[in-house]
Amino acid sequence: MDSPALVTSYEVAPHGIETVIVMPGAFTEGTDHFPKAGRPVDATGVTAGYRVLDPLVARNEQATVSLFTPGTQADPVVVAEEITRILSLPFGERPFRSVVDLTNSLVEQADSAVPEARLDFVRRMGFEEVLHVAQV
């Protein structure tokens, strides 16, 4: 889902506007996303079709909790704190992307290959001026 954010950054960077993508990981506190995410509320046919996933949905919360180091407080307030931290940084020092993931899932390492490939592509196309100052 980075594509809309990337395109927006290309469009606004020439106007001196920075953009940041904040990527939150899983959270088990302060949200009821997971319990509600697996249950369609529309037509009974769709609901019946999803019943095959019921065993996975039933295990999802426990599986998500198992991703965290014991004792980790997985409260989504850390996402707000990261956004606040980023906004307090001076222009040009804000990261293009920030991962807020408390599950030790190596998201940053997996994600690190993408920016260089994207920057190379944009540079080869000759559109360096659309790149965010901090991404270069």
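1. **Basis.** This is a predicted model, where local features need pLDDT of at least 70 and side-chain atom pairs count only at pLDDT 80 or more, while totals for chains, interfaces and linings use all residues. Residues are numbered from 1 along each chain as its sequence is written, and side-chain values use heavy atoms, with hydrogens and water left out.

2. **Overall layout.** The protein chain has seven helices and two strands, where helices (H or I, at least four residues) and strands (E, at least two) are DSSP runs numbered from the N terminus. Read from that end, the order is α-β-α-α-α-α-β-α-α. Of its 136 residues, 24% count as buried; here buried means under 20% relative accessible area, exposed over 50%, and partly exposed in between (1.4 Å probe, protein chains only). The accessible surface comes to about 9000 Å², with 62% of it belonging to carbon and sulfur atoms; these areas come from the Shrake-Rupley method with a 1.4 Å probe, and for residues only the protein chains shown count as cover.

3. Contact means heavy atoms within 4.5 Å. Among contacts between residues at least 6 apart in sequence, 70% join residues at least 24 apart.

4. **The strand pair.** Strands β1 (residues 21–24) and β2 run parallel and are joined by four bridges; two strands pair if DSSP finds at least two bridges between them. Ile21 stands opposite Arg97 in β2. In a regular strand the side chains alternate between the two faces of the sheet. In β2 (residues 97–100), Arg97 and Val99 point one way and Ser98 and Val100 the other, yet all are buried.

5. **Helix α7.** The 13 residues of α7 (residues 113–125) should span 18 Å at 1.5 Å a residue, and the end C-alpha atoms are 19 Å apart, which agrees; the expected span is 1.5 Å times one less than the number of residues. Its buried residues are Arg118, Leu119 and Val122. Exposed Ala113 and Arg124 sit on the face turned away from the buried side. Just after α7, Gly126 takes a positive phi of about 85°.

6. **Helix α1 as a partner.** What covers the buried residues of α7 includes α1 (2–12). In α1, Leu6, Ser9, Tyr10 and Val12 are buried, and the buried residues of α1 pack against β1 and α7. Glu11 also belongs to α1 but is exposed, with a relative accessible area of 53%. The C-alpha atoms of Glu11 and Glu129, 118 residues apart along the chain, are separated by 9.9 Å.

7. **Two cores.** The largest nonpolar core has six residues: Ala26, Phe27, Phe68, Ala74, Val79 and Val100. Such a core is a set of buried Ala, Val, Leu, Ile, Met, Phe, Trp, Tyr and Cys residues joined through side-chain atoms within 4.5 Å. A second, separate core of five residues includes Leu119, Val122, Val130 and Leu131.

8. **Gln73.** Which loop holds Gln73? Gln73 lies between α4 (54–65) and α5 (77–88), and is exposed at a relative accessible area of 56%. Leaving aside neighbours within four places in sequence, Gln73 is in contact with Glu29 and Leu102.
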